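Biologist: Could you walk me through this model, and tell me what lies behind the terms you use?

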Amino acid sequence: MLTGSKTTFKVRQLVPDIKERMLSHSSVHTRGRDVLGLCCLPGECVLQRAVLVRKKRSVKEEGGGWLSGTLFCTHFRVAFVPQDSQRPDDNADPVLLGDHDVALASIDKVVAVGPSRTKLVTPNGSLKFTPEELVLYCRDLRVFCFLFDRLTPDAQAMEITYTIAKTYQPLKPGTLLSFQNSALGSIEMKQFLSNRRRDPNMNWFECSADWEQELERAGATGWRVSSVNDRFEMSTSLPRFTVVPHRVLDTELKKTFAHFNDGRIPRWCWRHPRGSDLLRMASFQNNIYHEKDDIRNLELVLFGGQQMCVIVDLGEEMPSPADIQVAHTRLRTLCLGDISSSVSVPDDKWLSTLESTRWLDYVRCCLRKAAEVACLLRGGHMTVVLQESEDRDMNCVISSLVQVMCDPHCRTVAGFQSLVQKEWITAGHKFLSRINYHRDCDKEEAPVFLLFLDCVWQLWSQYPARFQLTEDYLLALHDSVQLPLFSSFMANSQRERCRRSQHLPQSYTPVNGLRKLPMGEPDEPVDPPFPPVWDWALQYSSSRRARFTQPVSQAACLPPVLNGNLNTNLERSWHNDGLPGSVFLLSRSSFSNPSNLLPWRSGNSGSYWKSHRRAPSSEGLSGLERLIRACSLSDPSENTTTIHDPIEPLLPLLIGPCVRVWRGCYLRGALHPQAFSHPMSSCSQHPLDQLAFEVQELGEKLAQASVRRPENQTRQQEPRRLESNLNQNANNGTFLFSSRSSQHQPPSSRGTTRPTNPPRAPWTAPEPPRSAQRINGKHTFLFGHQQESQSDQRYIPSPSAKYPKHPGNTH
């Protein structure tokens, strides 16, 4: 290839029609068939290839650098085969994506880089220069960079670039991508998928026996499994089976569905070991007349045999799906850059721009609310009901986070997958609309499930030894969401999922279960059998799956600390302040007893007050307020050897420095798009990594100085725990990423956590004044503190100190 060539290529003339090419390769349908060095899936055909290509490796991939091999484009994926890779075994089970592959459905943008220009390649456009580099921006925040060698034929570089741009988008809005039927629709692949066995260690919550098993596991008495919605007549979005109190008959239960939006009645989710029950429901319907029998049934469902009920309103203080979508879009633009515009964020504005996305604010908001609910449940002998307008978004987030905090079983791989099945897939989260696989319903798109995964990662980063699942597992689940090949995410409810798997006409309602059902018409198009997302052996190699789990150890119980508005040392006598039948509202971290909280208690039903006692308006609130607002600190030296009580929840630290950016997810592709031109030395660093390394050293020095104070200072002031000191700061700070705490890493091995490549030039901040730096009135932190100290010297950065910009690097 000649640098600076002015030859103009019309890409459409070089690439034949893709549909004809796929038909011409129809003979390549053999499982494990080696086509030009690529092990194809059954039914997969190669559309284009390019030789002598180098792929940019991330830092985790053996320290970065470039990997030489051959680049392929099929109707399913963009595959890269290294030249020194071993020949795959034809008898081995197929894996959908290799370690260097990306699914076409995961691609968001295709960018061609030439000698002097960069162009966003679209299916209907033309490319007027020979690309030297090919950059694929993915929807899961990954970036794949490929460099064409000078010996790579120009025609191959042009054709594979445009083939990818032509194939990764759907033919028209509202249709599934063509590779779904091609990759999974072959006879051999259908037979292979039908013989796959489900994980027997997890609960799928698809039959009544699964719910009975969960009731037994949680020790929930007084509840039963109802099949009143078996034919989806009561609610089209609820599952076939629901857990309701024993005393409510199905004939009485049917009358309660009309009082809630979309018929999503209060349903049991989980029981705390101390006797509290967690429920979730939609908002009440307005203008519904409440008869006396209806009132009795509604209160039986709400209280579930308990004496007190707290309704947690998630409508006002939690982010809406539209807010989550806007925040995630801004985060993507910040982390990857918007290639279609010339807007770039300078280094000194990066953190303030991160704060303006509000993504971390929403993460902190979800964690705070889940922690408050966990504290309520720990009190015992009450029902806590999560209320949302539609009960399909934030109720899924909060109910799942509460169980992750309180139930050790939900922190294992099998337990976590069962939790997602129960609170998301079976409960009717609108995965198909929220993920927007068809890319035709932008108003409904919102990555609510990805927000939940970020919250789980925050808990994992603060309590890594308490989780069996690892960050690699969360990353795998995060990336699988963007791949429209799994039945778990290809529907908005269990009803839709059952109809698609059974191929039933839209007007058909199943009777007597779902096993023996009539099939659709013979001429009806049959969708391929989508596997569940939990079939990890179908997606990843054994070496990748081995990094999904880690041993779980019992950590020492930390003393109670002040954590924003949360109290970790709660009083146990709060339930004596309320009368039997009391209903309270928890909103914005405060309790109230509004008269219109329950529609039938607003005075419209006169017969109600004759048989029920009304809760006091103010006397019963004092104990509940103390449940959240009371603050107590204990000596750090107490109970340091106590084994953690499994009943105690994992309460996260909510202050700015402890809510971090998930670097392994959001920033794993940020190093590529800024400086990927021509082979970079593997020992060179991106400015973002250089900044991270320098601030990590600074954070360690700050932590060491904060723990050990001079003797004259300790005589005048009593020592305070570092966590307590941090919790008294503002809660609106931003935390970029953190090194491992000394609790899980000895000080002697601290040097091994630094980046593989040393900084280009050492730098030391000048001696600063004792004032904290603020950006736009908000505290900004880059790295967390270490819990152990190695130095007695106080070190505080200067507000005017700036990080050096190394020549040759641009952000």
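This is a predicted model: local features need pLDDT of at least 70, side-chain atom pairs count only at pLDDT 80 or more; totals for chains, interfaces and linings use all residues.

Biologist: How do you know that the span of helix 8 is close to the expected one?
Modeller: Helix 8 covers residues 292-303, and from first C-alpha to last it reaches 17 Å. At 1.5 Å a residue, 16 Å is expected, so the two values are close.

Biologist: Why is helix 8 called largely enclosed?
Modeller: A residue counts as buried when its relative accessible area is under 20%. Nine of the 12 residues in helix 8 are buried, so the rest of the structure largely encloses this helix. Among them are Asp294, Ile295, Asn297 and Phe303.

Biologist: What do the buried residues of helix 8 pack against?
Modeller: Their partners include helix 7 (250-253), strand 14 (277-282) and strand 15 (308-313).

Biologist: What makes strand 15 mostly covered?
Modeller: Six of its six residues are buried, and this holds for both faces. Met308, Val310 and Val312 lie on one side, with Cys309, Ile311 and Asp313 on the other.

Biologist: How do you know that strand 15 and strand 17 pair?
Modeller: Pairing needs at least two bridges. Strand 15 and strand 17 have five, in the parallel sense, so they pair. Met308 has Ser582 of strand 17 as its bridge partner.

Biologist: And how many bridges join strand 15 and strand 16?
Modeller: Five, again in the parallel sense. There, Ile311 stands opposite Val385 of strand 16.

Note on methods
Residues are numbered from 1 along each chain as its sequence is written. Side-chain values use heavy atoms; hydrogens and water are left out. Helices (H or I, at least four residues) and strands (E, at least two) are DSSP runs, numbered from the N terminus. Buried means under 20% relative accessible area, exposed over 50%, partly exposed in between (1.4 Å probe, protein chains only). Contact means heavy atoms within 4.5 Å.
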